[in-house]
Amino acid sequence: MPKPFMTYDQQLQKMRDKHLIISDGDSAKDTLRRIGYFSLVSGYKDLFKNPTTRDYRDGTTFQDIVALYQFDESLRELTLRHLLHIEQHLRSALSFAFCDNFGDNQAAYIDPNNYDIGKPKNKAEIQRLIKKYLLPLLTLKTDHPYIEHHKRVHQNVPLWVLVNALTFGTLSKMYSLSKPQIQSAISQEFAAINEKQLGQILKVLTAFRNVCAHGERLFSYRCARHEIPDLPLHKKLTIPRKGSQYICGKRDYFSVMLTFRYLLPNEEFLAYNGHLSQLLARAIKRNQQISEAELLEIMGLPSNWKRITAYKKA
């Protein structure tokens with residue numbers, strides 16, 4: 001049965017019936033107006049529930065849920081900031097490598113022969129990339145003034161212009177369909193990462209970027225379709241295995257942290273690492289119901305995660 005609409009008072013009563021402590025009803029209603037019951041309570045309540053009774057654990061307050069939501073909101077902002085820097089680096093490296101090999105005429109990047117058509121499975125994907133994501137930017141009016149300027153003034157939109165209008169997902173797909181020499185040139189921008197590894201990483205980061213951009217729950221997210229490759233840091237941090245598979249750092253938030261270590265400049269990674277440490281400390285201080293060990297486990301962070309900067313990437 002579909003869940004019925006509830007007024008704010010009914011929402012508060014539902015939570016109280018489940019033994020959630022709400023000390024200030026007016027403040028709680030104001031929070032629900034700004035965030036919404038589904039985004040706040042439905043999105044974050046599970047960690048506070050008794051799995052047997054499905055009621056809230058003893059002593060759980062409305063502010064505990066709000067604190068976890070605010071931690072995740074800050075985590076999204078922090079993560080997206082650095083993802084955007086990686087995205088910009090990828091845009092620059094991809095357009096430079098492609099134009100260096102095939103020139104900057106727009107005909108170059110809409111020619112299937114300039115992609116890796118040697119793999120039969122790529123042919124349909126290359127056609128889809130060109131027809132759905134690249135050609136429309138050339139043939140239809142866009143909201144990007146720089147593209148319209150090059151159409152009007154130069155009758156040519158080079159890739160180093162067009163690439164700024166492509167999403168992270170399209171950039172990732174374009175990389176995966178590029179010729180080996182293009183992939184090689186791009187992967188060399190990042191220390192200790194080869195072409196295949198970078199392709200796998202970009203697929204995972206695309207999923208996490210979408211979570212950040214759409215305001216979905218990040219700290220517990222697991223990428224369903226892709227995982228990052230086994231990296232030297234998995235071994236150096238002695239991540240435990242189940243069989244041949246590392247139990248964390250493959251598709252969870254820790255996988256993002258590992259890829260940041262490889263894809264961000266060292267100084268930027270250190271800044272990110274420091275900010276993450278501060279966010280975690282604040283979240284634990286503000287929430288009496290979730291232990292540090294529990295929060296780290298949900299995020300996929302091993303107990304020695306702070307040692308990530310103690311080892312070389314290779």
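In this predicted model, R251 touches F208, Y221, R222, C223, A224, R225, H226 and E227, when residues up to four places away in sequence are not counted. The residue itself is found in the loop between β2 (245–246) and α13 (253–263), and because its relative accessibility is 28%, a value between the 20% and 50% limits, R251 counts as partly exposed.

Which residue forms a salt bridge with D230? The partner is K250, with the closest N and O atoms 2.6 Å apart. D230 lies in the loop between α11 (195–213) and α12 (232–236), whereas K250 lies in the loop between β2 and α13, so the pair ties together parts that are 20 residues apart in sequence. The two partners fall into separate classes of accessibility, since D230, at 38% relative accessibility, counts as partly exposed, and K250, with a relative accessible area of 6%, is buried. Salt bridges that share partners join E227, D230, K250 and R251 into one network, which brings the account back to the residue with which it began.

Side chains of opposite charge can pair when their charged atoms come close. A search of the whole structure finds 12 salt bridges, and among them is the one in which the side chains of K173 and E125 meet, at 3.2 Å from N to O. K173 lies in helix α9 and E125 in helix α6 (residues 122–139), so this pair ties together parts that are 48 residues apart in sequence. K173 is partly exposed, with a relative accessible area of 31%, and E125, at 29% relative accessibility, counts as partly exposed as well. Another salt bridge is formed by D46 with R54, where the closest N and O atoms are 3.9 Å apart; here D46 has a relative accessible area of 40% and is partly exposed, and R54, with a value of 38%, is likewise partly exposed.

S178 has its place between α9 (168–176) and α10 (180–187), and because its relative accessibility is 1%, S178 counts as buried. A polar atom of the side chain of S178 lies 2.7 Å from the backbone oxygen of M174. Leaving aside neighbours within four places in sequence, S178 is in contact with L94, Y115, D116 and Q183.

How do helix α2 (residues 25–35) and helix α3 (residues 37–44) cross? Their axes come within 7 Å and cross at roughly 105°, and α2 and α3 are therefore roughly perpendicular to each other. In this contact, T31, L32 and I35 in α2 meet Y37, S39, L40 and V41 in α3, and the residues involved divide into five nonpolar, two polar and no charged.

Key
Residues numbered from 1 in each chain as written. Predicted model: local features only at pLDDT ≥ 70, side-chain atom pairs only at ≥ 80, totals over all residues. Heavy atoms only, no water. Axes fitted to C-alpha atoms, helices over the stretch in contact; angles between N-to-C directions. Helix = DSSP H or I, 4+ residues; strand = E, 2+ residues; numbered from the N terminus. Parallel < 35°, antiparallel > 145°, perpendicular 65-115°, else oblique. Contact = heavy atoms within 4.5 Å. Nonpolar A, V, L, I, M, F, W, Y, C, P; charged D, E, K, R; others polar. Buried < 20%, exposed > 50% of the residue type's maximum accessible area, 1.4 Å probe, protein only. Polar contact = N/O pair within 3.5 Å; in protein donor to acceptor, adjacent residues only side chain to side chain. Salt bridge = Lys/Arg side-chain N within 4 Å of Asp/Glu carboxyl O.
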